[in-house]
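The exercises below are to be worked with the sequence and the 3D structure in view. Each task is followed by a solution in steps.

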Amino acid sequence: METKKKILVVEDEKNIAQVLAFNLMQAGYDYDIAQDGEEGLRKALRGNFDLILLDMVMPLQNGIETAREIRLNDRQVKIIFLTASPEFAVESYSVKANGYLLKPIGAEKLYACLDEIVQEMEFSSRTIVVRGVHSAQRIPLDQIEYVKAQNKHILFALRGNSRVLTTDP
């Protein structure tokens, strides 16, 4: 059974935040709203969110600064930047952004982006358990580069040049 994803909306324009909140509620997501980067950072560090919709241009602390601080504490949370200008797109990827949406953000565009990110999150959380030479190991499916049969053994080549060799069946 899949669990509801928890989303933090960090947006200083109240009408945009309200529209995003309405769309998230309609789609069945749990959400919280922060009205600036500092509040967003506080909530992100306390809230155990799966995804953050983060405005780029805000008072006090902009989206890039906020994302940079979030990444110091949480490398797993997905971040989608929101902005009216594409000029920040390249810089957004320096903090490992997972997406970039240009305002105005319609419901269809938002849902398509969220669906893609959630599907990626669900795939990356899937694992298989194999009986290795020394012990059983859980291998995330998204870490497998290739699988090779070798004399009644199976070799799993993983990202980062690591390998797992199974024992006899």
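**Exercise 1.** Which residue caps the N-terminal end of helix 2?

Solution. Before starting, note that this is a predicted model, in which local features need pLDDT of at least 70, side-chain atom pairs count only at pLDDT 80 or more, and totals for chains, interfaces and linings use all residues. Residues are numbered from 1 along each chain as its sequence is written, and side-chain values use heavy atoms, with hydrogens and water left out.

Step 1. Find the helix: helix 2 covers residues 37-47. Helices (H or I, at least four residues) and strands (E, at least two) are DSSP runs, numbered from the N terminus.

Step 2. Look for a side-chain oxygen beside a backbone nitrogen of the helix. A side-chain oxygen of D36 lies 3.0 Å from the backbone nitrogen of E38. This is judged as a polar contact (a pair of N or O atoms within 3.5 Å; within protein, one must be able to donate a hydrogen and the other to accept it, and residues adjacent in sequence count only if both atoms are side-chain atoms). The cap is D36.

Step 3. N48 follows helix 2 and has a positive phi, near 55 degrees.

**Exercise 2.** State which residues of helix 2 are buried and what covers them.

Solution. Step 1. Apply the cut-offs: buried means under 20% relative accessible area, exposed over 50%, and partly exposed in between (1.4 Å probe, protein chains only). The buried residues of helix 2 are G37, G40, L41, K43, A44 and G47.

Step 1. Compare the spacing with a general rule. An α-helix has 3.6 residues a turn, so residues three or four places apart point the same way.

Step 2. Find the cover. It includes strand 1, strand 2 (30-34), strand 3 (51-55) and helix 3 (63-73).

Step 3. Take one residue of the list. G37 lies in helix 2 and counts as buried because its relative accessibility is 0%. Leaving aside neighbours within four places in sequence, G37 is in contact (heavy atoms within 4.5 Å) with V10, M58, P59, Q61 and T66. The C-alpha atoms of G37 and E11 are 8.2 Å apart, although 26 residues separate them along the chain.

**Exercise 3.** Is K5 buried or exposed, and which residues does K5 contact?

Solution. Step 1. K5 is found in the segment before strand 1 (6-10).

Step 1. The relative accessible area of K5 is 15%, so K5 is buried.

Step 2. With neighbours within four places in sequence left aside, K5 is in contact with Y29, D30, D50, V118, M121 and E122.

**Exercise 4.** Describe the chain as a whole.

Solution. Step 1. The secondary structure comes to five helices and 10 strands.

Step 1. Of the 169 residues, 40% count as buried.

Step 2. The C-alpha trace spans about 65 × 30 × 30 Å along its principal axes.
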